Amino acid sequence: MAMAMTTAFEGALGQDLAVPAATVQTVATTKIATRDLCVAYGDKPALLGIDLDIPAHRVTALIGPSGCGKSTFLRCLNRMNDLIEGCRVAGRITLDGDDIHARGVDVVALRARVGMVFQKPNPFPKSIYDNVAYGPRIHGLARGRDETDAIVHASLERAGLLDEVSDRLGAPGTSLSGGQQQRLCIARAIAVAPEVILMDEPCSALDPIATARIEGLIDELSRDYTIVIVTHSMQQAARVSQTTAFFHLGEVVEAGPTEAIFTAPVDERTRAYVTGRIG
Amino acid sequence: MDSEHIVRAYDRDLERLDNLIAEMGGRAETMLADAVAALVRRDTDKAARTAAADRRIDALEAEIDALAMRVLALRQPMAEDLRVVIAGLKTAGDLERIGDYIRNMANRTVALSRTRSVGGAAQTIARMAAIVQTMLKNVLDAYAARDADKADDVRSRDADVDQLHTSLFRELLTYMMEDPRQITACTHLLFIAKNLERIGDHVTNIAEYVHLMVRGAKPEEGRPKGDRSSFTVIESEDGGDREDQS
């Protein structure tokens, strides 16, 4: 079941749905593509052959009930699942056309290109400054204090946090509020100049104001980065993403322009899920 | 989709919206039938009562607006639920306009009762009204049954109303040229015909919302338009008439 997210809906729905031009990108380049991606934890299958194209410089939302495989899918994209014992991954994942499981792929370098922000803000037990400087230092992106300073400031600014912390960069990252900590984690992800940012329910531990700030940030960041976000909030998926994929029992049931998924989904299972019905 | 929402109160909200639309539509149907009967029988009491009935339609629209706003804010509807709420909101707006047109017809009926009756114009209007009444009934049925095919049928009937309006327009102009004393009556009848033609347009809008609600997209082809009255000119000097096609 191939689901080219940028094109699957053009035939199915015609031009009747008023999808903003920015959403239907007929020439959007594919940043990440998965083909027949299967994942199992031990003998328990989690993903059953996912074919999905993630468009570049777009926000792609992954939605679906708990246990549907969306977080497993997300973790495959930067090989975080390699770290989970008993997890087997089959099928193909390409980043800019290159197989991320190919021999000789440096997983650390891959994770620098494909960064991740987790559900619960997880700053290192270090200063705000060092949280952001850590990545550039170990990846050798900054030579000397001046370059590190520049990266730290630019990253905090991109993450919309600089104004709030500029006078206390030496304070521990954990001293910040939850929303600030999450933006610190985003700054930390940005600091190593990634191409893709994966976000696993980045707002689920945040209040509505902090959530709105992160959502605004996601919107701005999508100009420079490809973003894939797992969220349980359909309103959030609708607000921040241009494309949405609905996962159910380890499969992608439906994928396409976000407006189409939330206004006129085609599959009965998608309709039941997005409308909050007993499916 | 027949299955229930996990939150049962959500189902009750949407049911209530449907019920309010059904009540509003039913009242508009009755008003239209009464207005036409009053016109044909020159019954001023009935016309006055019909005009007064519009107040309840306006109140129902306000009730639907408030309910739809509440559902949007509290439930944040998605997919067909969203379409149901939007269709309900827009349909209520169209029904409110329909009520206004009927009230205007009823008011003119009161004025018409003080004039001499004009040829067979009232009968032509009654014929036009019969089509509009059927359209209104069918679109409300289609709405309640979520029947997009039926809604599409209603939509295609609007061309008949438009054609009757055009011919009535020519007929009434002719009466006015024949006898200027009929101008007052004919002008009121022209407006009544125009009101019916506009009601047909609003019914057509509702048919399109039903289609959107059921199918997830507005109907594809542009709807047929048969109202040529805006282009109609009847000249008296040379005794001939023509329809300006420009």
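Reader: Which residues touch the most other members in the largest nonpolar core?

Author: They are Ala35(B), Ile125(B), Val139(B) and Val210(B), in a core of 142 residues. A nonpolar core here is a set of buried Ala, Val, Leu, Ile, Met, Phe, Trp, Tyr and Cys residues joined through C-beta atoms within 7 Å. Buried stands for 20 or more other C-beta atoms within 10 Å of a residue's own, exposed for 12 or fewer, and partly exposed for what lies in between, with C-beta atoms placed from the backbone.

Reader: And which element gives the most to this core?

Author: That is α7(B), with 16 residues. Helices (H or I, at least four residues) and strands (E, at least two) are DSSP runs, numbered from the N terminus. Please keep in mind that this is a predicted model, in which local features need pLDDT of at least 70, side-chain atom pairs count only at pLDDT 80 or more, and totals for chains, interfaces and linings use all residues. Residues are numbered from 1 along each chain as its sequence is written, while chains are lettered from A and ligands numbered from 1 in the order in which they are written.

Reader: What does Val139(B) touch, leaving out residues up to four places away in sequence?

Author: Val139(B) touches Ala151(B), Val154(B), Val203(B), Ile206(B), Ala207(B) and Val210(B). Two residues are in contact if their C-beta atoms, placed from the backbone, lie within 7 Å.

Reader: Is Phe191(B) buried, exposed or partly exposed, and why?

Author: Phe191(B), which sits in helix α7 (residues 183–215) of chain B, is partly exposed because 16 other C-beta atoms lie within 10 Å.

Reader: What about chain B as a whole, how many helices and strands are there?

Author: Chain B has seven helices and two strands, and along the sequence they follow the pattern α-α-α-α-α-α-α-β-β. Its C-alpha atoms fill a box of roughly 70 × 40 × 25 Å, taken along the principal axes, and 41% of the 246 residues of chain B count as buried.

Reader: Changing topic to chain A, what is the strand order in the open sheet?

Author: The six strands run in the order β6-β7-β8-β3-β9-β10 (chain A), with mixed pairing. The edge strands, each pairing on one side only, are β6 (114–117) and β10 (251–257) of chain A. Two strands pair if DSSP finds at least two bridges between them.

Reader: How many bridges join β9 to β10 in chain A?

Author: Six bridges join strand β9 (residues 243–248) to β10(A), and the two run antiparallel. Phe247(A) stands opposite Val252(A), and Thr243(A) is opposite Pro257(A). The two strands form a hairpin with two residues between them, and Leu249(A) in the turn has a positive phi of about 50 degrees.

Reader: Is β10(A) mostly covered or mostly uncovered?

Author: β10(A) is mostly covered, as six of its seven residues are buried.

Reader: Last topic: how many residues of chain A are in contact with chain B?

Author: 17 residues of chain A are in contact with 18 residues of chain B. On the chain A side, α9 (234–240), α10 (258–263) and α11 (268–275) are the elements that give two or more residues, and α11(A) gives the most, with four. The residues of that side divide into nine nonpolar, five polar and three charged, where Ala, Val, Leu, Ile, Met, Phe, Trp, Tyr, Cys and Pro count as nonpolar, Asp, Glu, Lys and Arg as charged, and the others, Gly among them, as polar.
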